[in-house]
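Me: I am new to this structure and would be grateful for a close look at the part built on its sheets. Please describe the strands, and then the helices that accompany them.

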Amino acid sequence: MSSEHPGTTDARRIALVIDYSLDYLGGAQSAFLDEAQLLLSRGHAVTIVAPCVRRGAEPEWSRRWRAAGGDLVLVPHLITIPGVDLPLVRNTAALRRHLMDALSSRQIEVVHTHSEFGLSAAAVSVARRIGLRTAQTVHTFFWQAPMGAGAGIAASGIRGFGRWLRGFASSRAELADAPVDSALRGLTLGMGERVDVVISPSAHQAERLREAGLQRVDVIPNALATAGEPGTALTSVDGALRLVWVGRLVPEKRLLEWVDAVSRAVAELPAGSLAVEIVGEGPLRDEAERLASGLPIAFRGRLPREAVQQSMADAHLVALTSFGFDNQPVTIVEALHARRGVLYVDPALTEGVDVAGIRPESPTAAAIAQTLIDLVGDPSRVVTASQAAERGAREFDPDVHVSRLLAAYAPQL
């Protein structure tokens with residue numbers, strides 16, 4: 001096996017499991033594949049267990065993974081739930097037999113899941129049966145769903161669906177004010193109760209998970225594996241202030257609020273003061289494009305990571321407008337790697353943005369707009385944030401990430 005870090009003496013055999021589709025790279029998928037690559041490059045034997053990709057050409061991530069010496073087990077799925085792109089894999093006896101053969105033949109020592117649905121449930125069940133160490137990375141405990149009539153019935157439906165899909169009951173603890181949000185978080189908590197260690201990329205999410213009753217939660221921030229060389233910090237801001245917003249075009253990322261903020265700022269600024277890119281796809285694209293008509297906003301769609309990094313390097317500032325939803329967004333890690341500061345609104349986020357972030361007074365569109373107006377008038381804060389990005393990026397050092405991960409896999413004495 002090729003390795004950028006030869007001489008590893010404590011190599012582990014690890015199965016990384018994910019229920020989400022790897023046909024597109026959202027935040028969870030990017031963090032998952034980064035972790036797989038980091039472990040592989042440091043001499044560990046890594047098997048990715050994931051739903052089958054769509055028919056057609058093999059995706060780029062898979063080609064790169066195999067070329068690097070990575071192992072791959074693809075699992076068929078029934079359907080893909082529209083809107084969330086979630087392949088539906090049910091925890092069945094047949095699936096468990098398949099995973100038992102796959103894990104046993106590879107002499108896997110650790111099963112580490114990055115999700116909480118049927119495939120993860122099956123893998124953890126098999127691992128527990130044969131005495132393997134188990135871990136779960138929680139990418140968000142802050143599930144949010146639209147409120148509406150019949151929320152209690154919907155919450156019961158989610159719990160029933162989770163039991164059918166995973167083969168065990170979800171937690172019924174009250175984890176959020178909204179019944180549906182509580183039920184969704186119960187899915188995550190129920191998986192966390194079945195593994196040896198839960199991993200949270202952020203300290204604020206880890207605290208919430210401990211408050212919910214989980215006994216062992218380790219904080220291990222995300223790290224990048226395939227982002228290329230770091231960017232160059234800004235020394236000045238010339239011309240229009242350029243910002244890039246990266247994420248899924250969904251309500252919880254507050255895309256429409258971001259477009260509203262840009263609209264308010266443009267109304268108060270001289271022409272040509274702002275230039276905004278939006279990178280990503282999702283159900284809100286049509287509405288966002290309608291609201292952005294006439295504004296200096298360009299929609300780039302879904303881009304490969306290299307193109308995302310280039311967009312960040314071409315911008316002066318990266319915008320992150322989610323509030324009360326994100327755990328530790330990969331967007332922050334990517335922005336700091338590009339040596340760009342982050343305009344963010346959620347005070348719970350600290351890793352990286354505590355030194356390289358700019359936060360408005362509140363998450364409202366009006367407050368974000370005022371910050372944009374202030375930064376156009378005095379862009380020195382943008383330059384300062386960019387120059388602090390290298391220091392902020394140290395929290396996400398790849399070697400630190402791997403060493404923390406291996407420590408998490410080890411039993412507590």
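Reply: Two strands are said to pair if DSSP finds at least two bridges between them. The model described here is a predicted one.

Strand β1, residues 13-17, and strand β2, residues 45-51, are joined in the parallel sense over 5 bridges. Ile-14 has Val-46 in β2 as its bridge partner.

A search of the whole structure finds 2 aromatic pairs. One of them is formed by Tyr-20 and Phe-117, with an edge-to-face arrangement, a centre-to-centre distance of 6.1 Å and 75° between the planes. Tyr-20 belongs to the loop between β1 and α1, while Phe-117 belongs to the loop between β6 (110-113) and α4 (118-129), so the pair ties together parts that are 97 residues apart in sequence.

Helix α1 itself, residues 27-41, packs with helix α15, residues 398-409, at an angle of about 90°, and their axes are 10 Å apart. The angle makes α1 roughly perpendicular to α15. On the side of α1, the contact is made by Glu-35, Leu-38 and Leu-39. On the side of α15, Pro-398, His-401, Val-402, Leu-405, Leu-406 and Tyr-409 take part. Sorted by class, the residues of this contact are 7 nonpolar, 1 polar and 1 charged.

A further open sheet has 6 strands, in the order β12-β11-β10-β13-β14-β15, and its pairing is parallel. Its edge strands are β12 (297-301) and β15 (357-358), each of which pairs on one side only. Strand β11, residues 274-279, runs parallel to β12 and is joined to β12 by 4 bridges. Glu-277 stands opposite Ala-298 in β12. Helix α10, residues 305-314, packs on this sheet, where α10 touches β10 (241-246), β11 and β13 (317-320). Relative to the direction of β10, that of α10 makes an angle of about 150°.

Helix α10 also meets helix α11, residues 330-337: their axes come within 9 Å and cross at roughly 60°. The two helices are therefore oblique to each other, and their crossing is right-handed. Helix α10 contributes Arg-305, Val-308, Gln-309 and Met-312 to the contact, and α11 contributes Val-330, Thr-331, Glu-334, Ala-335 and His-337. By class, this contact has 4 nonpolar, 3 polar and 2 charged residues.

From α8, the contact draws on Glu-257, Trp-258, Asp-260, Ala-261, Val-262, Arg-264, Ala-265 and Glu-268. From α13, the contact draws on Ala-365, Ala-366, Ile-368, Ala-369, Leu-372 and Ile-373. The contact of α8 with α13 has 10 nonpolar, no polar and 4 charged residues.

Conventions. Residues are numbered from 1 along each chain as its sequence is written. This is a predicted model: local features need pLDDT of at least 70, side-chain atom pairs count only at pLDDT 80 or more; totals for chains, interfaces and linings use all residues. Side-chain values use heavy atoms; hydrogens and water are left out. Axes are lines fitted to C-alpha atoms, for helices over the stretch in contact, and angles run from 0 to 180 degrees between N-to-C directions. Angles under 35 degrees count as roughly parallel, over 145 as roughly antiparallel, 65 to 115 as roughly perpendicular and the rest as oblique. Contact means heavy atoms within 4.5 Å. Ala, Val, Leu, Ile, Met, Phe, Trp, Tyr, Cys and Pro count as nonpolar, Asp, Glu, Lys and Arg as charged, and the others, Gly among them, as polar. Rings of Phe, Tyr and Trp (its six-membered ring) pair if their centres lie within 6.5 Å; planes under 30 degrees apart count as stacked, over 60 as edge-to-face and the rest as tilted. A crossing is left-handed if the near helix is turned anticlockwise from the far one by less than a right angle, and right-handed if clockwise.
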